[in-house]
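Work through the exercises below with the sequence and the model side by side. Each task is followed by a solution that goes step by step.

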Amino acid sequence: MSSNETPRGPVDSSRIPRYAGPATFARLPRLDEVGSADVAVVGVPFDTGVSYRPGARFGGNAIREASRLLRPYNPAQDASPFALAQVADAGDIAANPFDINEAVETVEAAADDLLATGARLMTLGGDHTIALPLLRSVAKKHGPVALLHFDAHLDTWDTYFGAEYTHGTPFRRAVEEGILDTEALSHVGTRGPLYGKQDLTDDAKMGFGIVTSADVMRRGVDEIADQLRQRIGDRPLYISIDIDVLDPAHAPGTGTPEAGGLTSRELLEILRGLSSCHLVSADLVEVAPAYDHAEITSVVASHTAYELTTIMSRQIAEGRTK
């Protein structure tokens with residue numbers, strides 16, 4: 001979008017009830033309605049890589065439905081993200097549910113096409129397998145990127161049942177492929193049992209720092225956000241969020257829940273504390289609405305995507321004024 005164009009925003013909820021009409025993210029226009037976008041919200045309804053409960057293939061549309069409640073002004077960041085930049089819903093990437101390797105290739109190619117238009121991506125999963133092809137695509141544009149990985153789990157295991165591409169392996173593959181800046185890698189919110197202490201040893205060798213959910217509780221969100229900002233510096237940053245980083249009380253609708261997680265407030269506040277970081281794209285995965293109730297998980301996921309979208313929109317607008 002050029003600097004003299006006015007972005008097309010969401011449907012006016014004072015004129016058309018929130019529950020009416022198609023459920024695009026935040027009731028924004030579709031990408032084909034605006035031609036191009038600064039931030040493209042795209043779904044990947046794929047969960048063939050899960051190791052326990054399936055259902056994340058329905059996550060993107062559940063998040064879209066919950067996002068009907070979002071409003072155009074974000075007071076926490078003092079920004080109207082949909083007025084600052086053109087944000088649009090790019091629909092879904094249709095990945096083969098019977099062939100993980102082909103699905104990974106499809107997601108990468110589709111992400112390449114969207115990034116080639118100049119858009120940043122806010123991807124709604126789907127399971128965490130999709131982070132690998134998304135990172136491949138982003139690294140083609142920016143080089144190796146800093147990574148903040150919000151998750152109960154490390155997702156740096158080697159294989160499951162001999163399979164290299166699963167929702168528990170994307171970040172090991174990404175390190176092996178050289179698409180991550182190993183000076184700026186962090187897990188946030190990890191907790192729960194592991195297969196063995198070697199899991200942590202292997203993870204540290206890859207360059208990851210760990211902020212556990214207990215660290216967040218004891219040290220507070222401001223200190224954690226400051227630590228993460230210092231580690232990231234001015235590098236291009238990719239944020240990947242598994243909704244199970246939250247305690248099951250805040251996100252029951254997910255495939256591999258773990259007790260003792262972050263609250264939704266803690267997650268949102270940490271993200272707001274990262275608003276000065278150069279966020280080039282992000283994903284939000286593992287929302288499985290079949291295990292949700294009262295849309296608890298979908299609601300917090302929609303607000304999480306909203307904060308990430310706001311960060312990107314603000315930075316795009318600021319870049320146009322320089």
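**Exercise 1. Describe the overall fold of the chain: how many helices and strands are there, and how does the radius of gyration relate to the globule rule?**

Solution. Begin with the secondary structure: the chain has 11 helices and 8 strands, where helices (H or I, at least four residues) and strands (E, at least two) are DSSP runs numbered from the N terminus. Next, take the radius of gyration, which is 18 Å and close to the 20 Å that the globule rule gives for 322 residues, so the chain is as compact as a globular protein of that length. That radius is taken over C-alpha atoms, and the rule is 2.2 Å times the number of residues to the power 0.38. Along the principal axes, the C-alpha trace spans about 55 × 40 × 35 Å.

Before going further, note that this is a predicted model, in which local features need pLDDT of at least 70 and side-chain atom pairs count only at pLDDT 80 or more, while totals for chains, interfaces and linings use all residues. Residues are numbered from 1 along each chain as its sequence is written, and side-chain values use heavy atoms, with hydrogens and water left out.

**Exercise 2. Work out what share of the chain is buried and what share of the contacts comes from residues 24 or more positions apart.**

Solution. Of the 322 residues, 55% are buried; buried means under 20% relative accessible area, exposed over 50%, and partly exposed in between (1.4 Å probe, protein chains only). Then turn to contacts, meaning heavy atoms within 4.5 Å: among those with a separation of 6 or more, 78% are between residues 24 or more positions apart. Finally, the chain exposes about 13200 Å², of which carbon and sulfur atoms supply 51%; these areas come from the Shrake-Rupley method with a 1.4 Å probe, and for residues only the protein chains shown count as cover.

**Exercise 3. Locate arginine 27 and state which polar partners its side chain has.**

Solution. Arginine 27 is found in the segment before α1 (31–34), and its relative accessibility of 5% is why it counts as buried. Leaving aside neighbours within four places in sequence, its contacts include Pro10, Val11, Ile16 and Arg68. Its side chain makes a polar contact with the side chain of serine 13 at 3.0 Å, a polar contact being a pair of N or O atoms within 3.5 Å, where within protein one must be able to donate a hydrogen and the other to accept it, and residues adjacent in sequence count only if both atoms are side-chain atoms. A polar atom of the arginine 27 side chain also lies 3.0 Å from the backbone oxygen of proline 17.

**Exercise 4. Is serine 313 buried or exposed, and what does its side chain reach?**

Solution. Serine 313 lies in helix α11 (residues 296–321) and is buried, with a relative accessible area of 0%. Its side chain reaches the backbone oxygen of proline 81 at 3.3 Å. Not counting residues up to four places away in sequence, serine 313 touches Val39, Pro81, Leu84, Ala85 and Val87.
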